[in-house]
Amino acid sequence: MKITQPDFSSNLSARHRRGRTWQLVFLASTVIGILALTALLFNILDSSFGFAILHAKVDPATFAVDGLPLEEQTKDQLVALLQAELSSGAYNKLNNEKSFEERSRAEVYALVVERLVKYEVEETWPLFESITSSAEIKAYATEKYPGDKLTFISWLTADFVSRPQSSEAVTAGIRTAILGSLWTILITVLFAFPMGVGAAIYLEEYASDSWLNRLIRTNINNLAGVPSIIYGILGLAIFVRALEKLTSGAVFRLVDPTTANGRTILSAGLTLGLLVLPVIIINAQEAVRAVPQSLRKASYGLGATKWQTVWWHVLPNALPGILTGTILAISRAIGETAPLVVVGASTAISVDPSSPFAKFTALPIQIYQWTARPQGEWRHLAAAAIVVLLALLLSLNAAAIFLRNRFARKY
Amino acid sequence: MNLKKRRRPGEIVIQSILFFTGFFSIFTTVGIVYELGKEAWLFFRLPEVNLLKFLTGTQWQPHIGEFGILPLVTATLVTTGIAMLIAIPLGLAAAIYLSEYASKKMRNTLKPILEVLAGIPTIVYGYFALTFVTPLLRSIFGSDVVEIYNTGSAGLVMGILILPLIASISEDALNAVPRSLRDAAYGLGATKLEVAIKIVLPAALSGIAAAVILGISRAIGETMIVAVAAGAGPNFTLNPFKAAETMTGHIVRISGGDLSYDSIDYNSIFAIGLMLFVMTLTLNIISQRIVRRFREVYE
């Protein structure tokens with residue numbers, strides 16, 4: 001038998017080189033995710049601001065009184081102008097929604113612009129282009145749209161957040177969408193939080209290892225993996241259709257005047273409630289499980305009943321974890337779009353929702369509809385609405401992290 | 001002194017309420033199966049529809065009575081396929097980096113950022129696909145090749161969405177491999193890469209497989225990205241630059257208007273939904289089975 005001396009060193013440098021190359025590849029893959037996140041945020045901010053050419057249907061100069069331009073007129077003058085120019089029906093309708101005495105000058109001015117001047121968006125540019133090639137844009141604008149106004153617009157303003165939905169891009173806002181989202185989430189929480197915490201306590205504290213309880217556990221895990229659109233279909237069949245009498249408010253004689261069917265905030269909230277229920281249960285289970293056994297034993301030792309132990313000792317200690325999990329589930333529900341579309345979100349509502357039996361829209365629905373429109377200006381509005389949505393989610397997540405760090409107990 | 005167990009009706013009531021909340025999730029599942037099954041049954045009983053043509057037909061055009069689900073399925077496969085082409089290698093590489101290479105500080109910075117990616121609502125990804133990735137693809141491949149709505153950009157963005165999911169679950173699996181295995185390999189003279197690829201990766205394979213299957217199931221059920229960016233209208237094609245409607249995208253478009261009950265469209269979304277539910281449930285169960293059966297147990 002011939003014994004050859006293996007050469008240990010000949011390929012060692014190659015092996016190390018391969019190691020270094022692959023380390024770079026692994027790092028690059030991780031960084032790609034971060035790059036994608038950066039590109040996404042850049043893209044959204046880029047679209048939220050920028051130049052736009054506005055075409056006034058009626059030249060604002062025609063509304064000047066004694067040479068005083070529109071911008072400098074007093075509130076009373078503007079109200080008088082509205083009264084003179086609008087039909088009395090339209091004027092009274094505005095007055096009924098909110099009387100002119102209550103409206104501020106800025107609000108009345110916005111109304112004048114919306115109803116009388118009627119700006120239309122001709123063309124828009126994103127932020128980056130507006131900064132880097134502003135001279136070209138200005139030259140292009142004066143050549144192609146003489147007489148129209150080229151202005152730098154921030155699509156995201158305080159007004160944008162507080163204005164209701166409108167059919168004109170310049171005056172459209174997301175107040176109704178935000179209120180719709182808040183109403184829906186309120187219903188979701190009212191339903192899913194007690195149900196989820198109850199289920200978690202049952203499974204962790206009461207359930208024995210029987211086939212039924214194993215079935216419940218497996219079932220919850222499987223439900224967490226069901227696509228959200230399936231929940232939408234379920235909501236459509238159960239809440240909107242089968243329980244129409246309940247979700248439209250007919251049972252309580254509270255039918256909202258704007259709607260008479262089951263496509264209401266209540267249906268949407270319950271559908272999202274079913275969707276986040278498994279998430280809340282799983283998170284709450286972990287929180288309950290983390291409470292040390294010694295606390296329970298001590299409580300039993302002092303003669304407490306099972307429920308007394310759970311209510312006075314297990315729950316207070318698990319609460320931070322439960323709340324953190326619930327907040328994360330809520331932030332998932334706020335961003336959900338597909339189930340709401342299927343349940344039947346309304347396309348255009350400009351009236352604030354006033355009860356759970358009202359028609360609903362929501363922030364992500366509004367974003368979806370604006371994104372789906374072919375005209376460019378709506379994309380800018382969608383971007384601005386996305387900024388608001390992301391800010392909302394960010395603050396929720398910050399709250400969750402704060403809760404976790406502030407109240408986390410080590411045993 | 002009476003030491004007999006006292007009857008406490010209050011405790012029994014509370015326990016019953018808690019049992020109900022726990023049992024409620026069964027109702028949800030039964031509700032899903034019953035409603036999907038019932039309406040899909042009504043759909044298949046319609047004279048225009050038959051099950052064989054539903055599963056093999058290449059045209060989905062309700063107005064002329066063509067109900068072949070294949071165009072919707074191919075679009076779903078194309079978007080899912082592209083998404084996994086992105087998410088599996090990148091997610092796995094990121095998991096290896098985070099678990100084997102990154103310092104603790106690096107890991108604590110990178111992992112939350114990836115988790116942010118997973119927390120962004122999918123409608124935002126849809127916007128991103130339509131207004132950023134599609135124009136990018138069109139400037140690379142030419143706007144006569146790439147349509148405004150295309151399955152390619154939807155798939156790419158979906159890959160970014162699923163990347164953190166795969167990275168996170170795979171990283172947990174890699175982390176669970178005991179240190180002694182790595183040390184043994186180092187002791188035999190292996191380099192870091194060889195330890196990661198030849199020792200740790202195979203040991204964590206069941207967890208990684210489960211992550212991948214979960215990712216596929218997520219991609220099949222993903223809705224808003226494809227509804228915004230992949231196109232409206234069924235199209236029997238495998239070309240990622242063409243517009244095509246996926247199963248989920250179709251459900252969203254059809255139910256967007258005021259859908260009237262018991263119409264053929266209404267019933268058809270339940271049939272498609274049932275198909276979707278069966279596909280994702282099967283994948284999820286397989287994923288759970290893999291974890292349970294092939295988990296390497298180290299003492």
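**Figure 1. Pairing of His55(A) with Glu120(A) in the predicted model.** In this predicted model, His55(A) is placed opposite Glu120(A), a residue of strand S2(A). Strands S1(A) and S2(A) run antiparallel and are joined by 5 bridges. In general, the strands of a sheet pair through backbone hydrogen bonds, in either a parallel or an antiparallel manner.

**Figure 2. Pairing of strand S1(A) with strand S3(A).** The view shows S1(A) and S3(A), which pair over 6 bridges in the antiparallel sense. Two of the residue pairs may be located individually. Phe49(A) has Ser154(A) of S3(A) as its bridge partner. For Ala52(A), the bridge partner in S3(A) is Thr151(A). Strand S1(A) is largely enclosed by the rest of the structure, because 6 of its 8 residues are buried. As a general rule, side chains in a regular strand alternate between the two faces of the sheet.

**Figure 3. The open sheet of chain A.** Three strands of chain A form an open sheet in the order S2-S1-S3, and their pairing is antiparallel. Which strands stand at the edges of this sheet? They are strand S2 (119–124) and strand S3 (149–154) of chain A; each has a single partner strand, so one side of each is left without a neighbour in the sheet. From one strand to the next, the twist averages 45°.

**Figure 4. Surroundings of Lys57(A).** Lys57(A) belongs to the loop that lies between strand S1 (49–56) and helix H2 (75–85) of chain A. Is this residue, Lys57(A), buried or exposed? Lys57(A) counts as exposed, because it has 9 C-beta neighbours inside 10 Å, and a residue is classed as exposed when that number is 12 or fewer. When neighbours within four places in sequence are left aside, Lys57(A) is in contact with Lys118(A) and Glu120(A). Glu120(A) is also the residue that stands opposite His55(A). A separation of 46 Å lies between the C-alpha atoms of Lys57(A) and Ile230(A), which are 173 residues apart along the chain.

**Figure 5. Overall form of chain A.** Chain A contains 17 helices and 3 strands. Its C-alpha atoms fill a box of roughly 105 × 80 × 40 Å along the principal axes. The radius of gyration of chain A is 29 Å, whereas a compact globule of 411 residues would have a value near 22 Å. Buried residues make up 40% of the 411 residues of chain A. Of the contacts in chain A between residues at least 6 apart in sequence, 76% join residues at least 24 apart.

**Figure 6. Overall form of chain B.** Chain B has 12 helices and 2 strands. Along the sequence, these elements of chain B follow the pattern α-α-β-β-α-α-α-α-α-α-α-α-α-α. Taken along the principal axes, the box filled by the C-alpha atoms of chain B is roughly 80 × 70 × 35 Å. A compact globule of 299 residues would have a radius of gyration near 19 Å, but the value for chain B is 24 Å. In chain B, 49% of the 299 residues count as buried. Among contacts in chain B with a separation of 6 or more, 74% are between residues 24 or more positions apart.

**Figure 7. Contact between chain A and chain B.** How many residues does each chain bring to the contact? Chain A provides 69 residues and chain B provides 69 residues. On the side of chain A that touches chain B, helix H1 (residues 12–48) of chain A gives the most, with 20 residues. The residues on that side of chain A comprise 44 nonpolar, 20 polar and 5 charged.

**Figure 8. The nonpolar cores.** The largest nonpolar core has 195 residues. Those with the most contacts inside this core are Ile233(A), Ile367(A), Ala385(A), Ala129(B), Val157(B), Ile166(B) and Ile225(B). Helix H3 (residues 70–101) of chain B supplies the largest share of the core, with 18 residues. Apart from this core lies another, of 5 residues, including Leu78(A), Val79(A), Val108(A) and Val112(A).

**Figure 9. Contacts of Val157(B).** Val157(B) is one of the residues with the most contacts inside the largest nonpolar core. Leaving aside neighbours within four places in sequence, Val157(B) is in contact with Tyr125(B), Phe128(B), Ala129(B), Val133(B) and Ile225(B). Ala129(B) and Ile225(B) are likewise listed among the residues with the most contacts inside that core.

Key
Residues numbered from 1 in each chain as written. Chains lettered and ligands numbered in written order. Contact = placed C-beta atoms within 7 Å. Helix = DSSP H or I, 4+ residues; strand = E, 2+ residues; numbered from the N terminus. Nonpolar A, V, L, I, M, F, W, Y, C, P; charged D, E, K, R; others polar. Buried ≥ 20, exposed ≤ 12 C-beta atoms within 10 Å, placed from the backbone. Rg over C-alpha atoms; globule rule 2.2 N^0.38 Å. Core = buried A, V, L, I, M, F, W, Y, C linked by C-beta atoms within 7 Å. Pairing = 2+ DSSP bridges. Axes fitted to C-alpha atoms, helices over the stretch in contact; angles between N-to-C directions.
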